[in-house]
Amino acid sequence: MTKRVLLIFCVLYLALGHREGEAQRPRPQPRIVGGLTAFKGSFPYQVSVQLNGGHICGGSIISKDYVLTAAHCVYEGQSDELVPISQLYIRAGSIFSNFGGQRRGVSEIKAHPSYNYPIDDIALLKLAQPLKLNKEVAAIDLATEEPTSGSELTISGWGRLSEGGSMPRVLQHTTLLGLSNEDCRKTVPIPGHVICVLHGVRQGVCDGDSGGPAVLDKKLVGVANFVDGQCGTSGPDGYASVPYYRDWILKNSSD
């Protein structure tokens with residue numbers, strides 16, 4: 001058995017095997033634990049979504065005018081009210097969430113019309129001013145196919161470093177294993193258009209990573225939605241499938 005196959009087997013066992021028969025609802029707390037510090041310009045598509053000047057979520061640049069994030073990032077708590085658009089900003093082109101790069105306001109929020117957490121948890125932010133694209137601020141292509149189980153996905157964000165822990169000053173990233181919706185649903189009761197990201201203990205996303213990217217072969221395949229369990233436990237993280245929502249994304253970001 002090769003090292004790669006053995007690794008996939010071990011992670012699948014930790015994240016799924018010992019949970020067989022359980023029917024726990026995914027916890028609404030997308031979250032990067034056990035990650036590495038990013039270098040300047042290494043994630044040019046990553047943005048910090050900010051409310052009242054503070055980081056709340058991640059997002060991905062899909063054009064000079066649009067950012068893709070999670071719908072629950074743009075609603076007031078559990079209500080049906082959108083956050084005040086005048087207080088919503090994004091920061092692009094910096095590995096720091098609180099300074100550097102390009103800061104833009106938001107002129108329109110386009111949440112999926114069928115959003116009902118955790119269903120259809122995806123949203124577009126139209127920027128008040130176009131981004132100036134360069135080597136540190138770049139759009140990422142949308143994937144057309146979902147990752148197969150065992151695919152190596154790159155995730156990134158400014159989320160907490162542990163459950164209830166501190167927020168990092170610098171962007172964090174790590175590489176984890178993807179799990180198809182079909183395989184993930186055998187153990188975790190997830191929506192039909194979610195892909196799972198597997199990880200071991202003391203790894204994964206955390207508070208503040210919601211809306212952030214999962215990337216395969218330099219293409220965006222997922223948007224961070226939720227986790228099953230607490231930060232750093234072995235439960236899988238749920239990401240909205242970009243290939244599934246691709247037509248909706250393109251249609252609503254064409255202006």
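Which side chain meets Asp-255 in a salt bridge of 2.9 Å, N to O? Lys-126 does, and the views below show that pair along with others.

**View 1. Lys-126 and Asp-255 meet in a salt bridge.** This is a predicted model, in which local features need pLDDT of at least 70, side-chain atom pairs count only at pLDDT 80 or more, and totals for chains, interfaces and linings use all residues. Residues are numbered from 1 along each chain as its sequence is written, and side-chain values use heavy atoms, with hydrogens and water left out. A salt bridge here is a side-chain nitrogen of Lys or Arg within 4 Å of a carboxyl oxygen of Asp or Glu; the count by this rule is five. Asp-255 sits in the segment after H3 and Lys-126 in strand E7 (residues 123-127), so their pairing ties together parts 129 residues apart in sequence. (Helices, H or I, have at least four residues and strands, E, at least two; both are DSSP runs numbered from the N terminus.)

**View 2. Lys-110 also forms a salt bridge with Asp-255.** Their closest N and O atoms are 3.5 Å apart. Lys-110 belongs to strand E6 (residues 102-111), while Asp-255 follows helix H3 (242-252), so this pair links parts 145 residues apart in sequence. Through shared partners, Lys-110, Lys-126 and Asp-255 join into one network. Lys-110 is buried at 15% relative accessibility, whereas Lys-126 is partly exposed at 22% (buried is under 20% relative accessible area, exposed over 50%, partly exposed in between; 1.4 Å probe, protein chains only).

**View 3. Lys-64 and Asp-65 meet in a salt bridge.** The N to O distance is 3.0 Å. Asp-65 is buried at 17% relative accessibility, and Lys-64 is partly exposed at 42%.
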